[in-house]
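Morning, everyone. Please look at the picture first.

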Amino acid sequence: MTDKCDEETGKIMTLNELFEICNTLITTPLSFFQIYMLTKEWRYSRKKTVVIGAASILALLALDFLVCSRMGVNRARDIVSVLNFTTLLFLYLFLPKYQGGKSIFICFSVSLSMFIGNAIAEIFGTTVIAYRLLIKCAVYLFMLIVTYQYFRRPFFTVMEGIETGWHRLSAIPVMFCILLGGVLWSRNMYHDREVKMIGLVLCFAAGIIYLVLYFTFCSIQEQYRMKSGYDLLQAQMFSLQKQLEIVRESGKELDILRHDMRHYIMLLSACVEHGDLEEAGKLMNSLELSLESANKKCRTYTGNILIDAILSEYEGRAENGGIRYDVLLALPETLKNNPIEFAVVISNALENACIACRKIPEGEERVIKVRGRTEGKQFFLEIANTFTGTVRIDEEKGRPVTEQAGHGLGTQSIEAFAEKYHAYLRYQAGNGWFRLRLVL
């Protein structure tokens, strides 16, 4: 009977040791997952990065498990913690595309979130290790959700816009990691009420600091959006002014032609009466060239003077760049009545298409196609152009990515239009064609 009880006790102890090992090792894969969420650009493709990261984490966990099983969890905990942190630090400093202060800030911010998870599990946990493990997993899951849903996007915006100062900003998570690490490694948190309070205050203070950082990031993101919007507005207003100047010039030429038409008719009548057919032919050719010149400056595509002016302007640019230009666009009544924002979309899309086509080597096909039609209550627009090289589409934002500073504002403007009018916007690149599709 005693042997049986001892055997059951041994099983219970073995199960507790297994939970202790899981409690120690679970931090490593969750840390890498959170780091992965907060990193936008990688040295390799995302698939290769995941493979390298997963293989490294699995190898590290196998080594951790071996060390814990040989030395015991309590003796091996410090060794495993230092080993895992060092490995993750080197792994993360190697894999991202950008290096330096940004990587350090992300790495120590994730480390801090793991410290907070450990501290909360120790503060509110019980003597049952399984419950403490459950609390730790719940805290980590909450942090991952908050990071993905709220912190990630404004953080990416700030990362893209601010290049310096990240080393100084990294002092915040580094300081809290040192303080919380000291409290956790004191081994008194679970039993000492004062140490628990210190740990709780540190967790609360870290949360407040990052909440302030979140609102700061959101504020900076809004400032960048407003600045980009202002720059876009300035550029678009300049573009629209140019289109309207073309309309005015075309209108003036047509007015002059209408005014001079009676003189042409009088001269033609005189030539016919005198039998001077050669001179009559010259007059007809002159009139035809004048009409063609005015027509080229502002052709009628849709019946809307602003849209037609923009389409005419880019027809001229396409002709000068050796680009075949094909337009078949029928506007719905809603856009005919309020065409200004839609005109900006057309202008930005055609500007990008012309730039892409001009990069194609001479002798290869350069084509721009504009198609727009109404089916039922929906309006479908597609602007397609040939291109050379590669175009990378941002998986999250669904728009083409540019590495050049100051570029990509046109696509941001189009995206803002789609968001405002709840339109479906999609970019596709393949088989030598780049396509913008918009459904209103």
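Start with helix α5. It is mostly covered, with 21 of its 24 residues buried. Buried means under 20% relative accessible area; exposed means over 50%, and partly exposed lies in between, using a 1.4 Å probe and protein chains only. Helices are DSSP runs of H or I with at least four residues, strands are runs of E with at least two, and both are numbered from the N terminus.

A word on where this comes from. This is a predicted model, where local features need pLDDT of at least 70, side-chain atom pairs count only at pLDDT 80 or more, and totals for chains, interfaces and linings use all residues. Residues are numbered from 1 along each chain as its sequence is written, and side-chain values use heavy atoms, with hydrogens and water left out.

Now the whole chain. It has 14 helices and five strands. Of its 440 residues, 41% count as buried. Take the contacts between residues at least 6 apart in sequence: 69% of them join residues at least 24 apart. Contact means heavy atoms within 4.5 Å.

Back to α5. How far apart are its end C-alpha atoms? They are 34 Å apart, which agrees with the 34 Å that 24 residues should span at 1.5 Å a residue. The expected span is 1.5 Å times one less than the number of residues.

Next, packing. Two packed helices are described by the angle between their axes and the distance between the axes. Axes are lines fitted to C-alpha atoms, for helices over the stretch in contact, and angles run from 0 to 180 degrees between N-to-C directions.

First partner: helix α4, residues 73–94. α4 and α5 pack at about 150°, with axes 10 Å apart. Their crossing is right-handed. From α4 come Phe85, Leu89, Tyr92 and Leu93, and from α5 come Ser103, Ile106, Cys107, Phe108 and Ser111. By class, this contact of α4 with α5 has seven nonpolar, two polar and no charged residues. Nonpolar covers Ala, Val, Leu, Ile, Met, Phe, Trp, Tyr, Cys and Pro; charged covers Asp, Glu, Lys and Arg; the others, Gly among them, are polar.

α2 and α5, which runs over residues 101–124, pack at about 140°, with axes 9 Å apart. That makes α2 oblique to α5. The cut-offs: under 35 degrees is roughly parallel, over 145 roughly antiparallel, 65 to 115 roughly perpendicular, and the rest oblique. α2 passes α5 in a right-handed crossing. Thr27, Leu30, Ser31, Gln34 and Ile35 in α2 meet Val110, Ser113, Met114 and Asn118 in α5. The contact of α2 with α5 has four nonpolar, five polar and no charged residues.

α2 also packs on helix α3, residues 46–71. What angle do they make? They cross at roughly 160°, and the axes come within 10 Å. So α2 is roughly antiparallel to α3. This crossing is right-handed too. From α2, the contact includes Phe32 and Tyr36; from α3, it includes Ile57 and Leu60. Here we find seven nonpolar, three polar and two charged residues in the contact of α2 with α3.

One last residue. Leu58 sits in α3. Is Leu58 buried or exposed? At 59% relative accessibility, it counts as exposed. Its C-alpha lies 9.6 Å from that of Thr28, 30 residues away along the chain.

Note on methods: A crossing is left-handed if the near helix is turned anticlockwise from the far one by less than a right angle, and right-handed if clockwise.
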